[in-house]
Each structure stands twice: as C-alpha cells, then as structure tokens.
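Hi everyone, thanks for coming. Please have the sequence and the 3D view open, and we'll walk through a few parts of this structure together.

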Amino acid sequence: MARIESAVMAVELKTPKDIEYMRVAGRLASEVLDFITPHVQPGITTGELDRLCHDYMVNQQGTIPAPLNYTPPGYTPYPKSICTSVNHVVCHGVPGEKRLKNGDIVNLDITVIKDGYHGDTSRMFFLGPASIQARRLVELTYDCMWRGIRVIQPGKTLGDIGHAIQTHAERNGCTIVREFCGHGIGRKFHEDPQILHYGSPGIGMKLEEGMIFTVEPMINAGRPEIRQMADGWTIVTKDHSLSAQWEHTVLVTADGYEVLTLSAGSPPQPA
Ligand code: MF3
Ligand code: CO
Ligand code: CO
C-alpha cells in the first residue's frame, strides 16, 4: 500500500482467536492463486482472470474480494476484485481488456475477507518463455521477500527487515520501490505498522509476538521511480523497466515467524 508519513504507529497485537481466523483467511487467499494458476496462459485477458477469481472467491470459498470498491483516503473506489500488474506495472494494475502474451510477466495480488479477517498474498507468473532478465528479476524479488521474512522474530526491528531486502536487491543491481510498503493486516485491510522494504539494522519499531503484517517488496530492474496512471490506481515504473513483486502475510511468533499465506500450490522456499 501507499506509504504515508504518520507520527504514531498504533499496532494491534492479535489474540489467539484472531490468529486462528487469520490462518484461515491467509490459506484461502493463497488457494485463489492455486486455483487461477492453470488459467494464466497467453491469450487470456486480465479481466478474464479477475472474473474467474471473483467467482471462485464468492461462489466456491464464500470469501469477499477485499479490493472490490476498496477506497483508501485520496483514492476512487477500486473497480475490480484482484490486482493484475503486467511487466512495467509495479502494483495495483486494474484488470481489463489487456491480453497476456508470450514473454510477459504478471503479478496477481489476491486479498480475501473471511469471517471479517483479511488474507493478502501475491505471486509472479511467466507467460511462456521469459527473458533471462525477467527470470532473474522475478527470482531475485522472491529471494528478497524470503530474506525479509526470515529476519522476523521478537526483538528484531522493522529496519532489520527492510535492510535484508534492500541490500540483496541492490547488490544484484536492482532497485526498491519506496512509495509502497507492506502493512499490518487483520480485521482491516491496511493498518499499522508500515513495513518498508528498505532500511537500516536496528532502526524502527521492535517486532513483538502477535503482530501480523505483510512483506511485499516491489523491485525494479531499472530506476526506482514510479508514476501513477490516470486511472488513479495503476502504478508503473517511470523508465518503463520491468518490476516484480511477491507478497506473504506473516505472524510474529514467540521465537520467529509463521507464514499465513501458504497452500498446496505455494512455490518452494529458496534454499
Ligand atoms: N493487495 C494490495 C496490497 O498488497 C492492495 C491492493 S488495494 C486495491 O496491499 F484496492 F487495489 F486492491
Ligand atoms: Co498487502
Ligand atoms: Co496484496
């Protein structure tokens, strides 16, 4: 979500009951990605992917697609049920008539609401054979997300997470989008804390058992600057370089972390 300057971070620690519900919502969000995976083929439009996911959520899962009509301050209502971000689109790509073709990369970002609780996760997909540069960016971004997640344990700081992501991206010649960040999540789609994907070790809020937030780095092959399109939602790289993103929702446990958005089709963790 968009990073905002805010003076105080009011972080809600989840109760055991909240956590049970968040496990369910998280798994369901990931299962929407499992469901849509075989449909992500050259020739399909992003609007068709949206419709398939919408119907699966509503009719098969009994979940609510959180993006539909979502209206953060300063935005117009989001018109679709998922985000589809193709090639140089960084995030919040709005599904429509765009037809996916060989060589494209696309991020599908799914957020469901089940029994009032949100699960938020995204994956990257290749359409046919991808260029070496695209493959490298997508794999690097996946590794960066996991490096950020693996830092998580009580006593570490938000800066520790950001630092792990930023250093790995930059030493591989890629750049971090700074205007968007991960976020606390629960009964609300977006809440404190903001999880920046860059930072310095030991800086920022300390992690505590019971926090739930997303880690969702957006990483560009070129320069880090972004631009918002006239639709008020779609974010693209200013230099039109490729951008990738992966996202998980994560719980801080007593001795580490638990990833809540895993399911049978989740790709394996990097070594
Ligand atoms: N799922 C996105 C995130 O990870 C938010 C999308 S907001 C929407 O925070 F309205 F575009 F869906
Ligand atoms: Co998110
Ligand atoms: Co998301």
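Let's start with strand E3 and strand E12 (residues 235-237), which pair in the antiparallel sense over two bridges. Two strands count as paired if DSSP finds at least two bridges between them. Strands here are DSSP runs of type E with at least two residues, helices are runs of H or I with at least four, and both are numbered from the N terminus. Within this pair, Val89 stands opposite Val236 in E12.

Before we go on, a word on where all this comes from. The model is predicted, so to speak of local features we need pLDDT of at least 70, side-chain atom pairs count only at pLDDT 80 or more, and totals for chains, interfaces and linings use all residues. Residues are numbered from 1 along each chain as its sequence is written, chains are lettered from A and ligands numbered from 1 in the order in which they are written, and side-chain values use heavy atoms, leaving out hydrogens and water.

Back to our strands. E3 and E12 belong to an open sheet of three strands in the order E3-E12-E11, with antiparallel pairing. Why do strand E3 (89-91) and strand E11 (226-228) each have one side without a neighbour in the sheet? Because they stand at the edges, each with a single partner strand. As a reminder, strands of a sheet pair through backbone hydrogen bonds, either parallel or antiparallel.

Now a second open sheet of three strands, ordered E6-E10-E13 and also antiparallel. Its edge strands are E6 (175-176) and E13 (243-245), each pairing on one side only. Strand E10 (residues 218-220) pairs with E13 over three antiparallel bridges, and Met218 has Gln245 in E13 as its bridge partner. Helix H3 (residues 132-150) packs on this sheet and touches E10 and E13, where contact means heavy atoms within 4.5 Å. The direction of H3 makes about 35° with that of E13; axes are lines fitted to C-alpha atoms, for helices over the stretch in contact, and angles run from 0 to 180 degrees between N-to-C directions.

Next, please find strand E14 (residues 248-252). Is E14 largely enclosed or open? Five of its five residues are buried, so E14 is largely enclosed by the rest of the structure. Buried means under 20% relative accessible area, exposed means over 50%, and partly exposed is in between, with a 1.4 Å probe and protein chains only. His248, Val250 and Val252 point one way from E14, while Thr249 and Leu251 point the other way. A hairpin of four residues joins E14 to E15.

Finally, the ligand. Which residues come nearest to ligand 1? Of the 15 around it, they are Pro67, Asp109, His190, Glu216 and Glu247, counting a residue as near if one of its heavy atoms lies within 4 Å. A polar side-chain atom of His190 lies 2.8 Å from an oxygen atom of ligand 1, and an N or O atom in the side chain of Asp120 is 3.1 Å from an oxygen atom of ligand 1. The side chain of Asp120 also makes a polar contact with the side chain of Thr111, at 2.8 Å. A polar contact is a pair of N or O atoms within 3.5 Å; within protein, one must be able to donate a hydrogen and the other to accept it, and residues adjacent in sequence count only if both atoms are side-chain atoms. Thr111 is in strand E4 (residues 105-114), and counts as buried because its relative accessibility is 2%.
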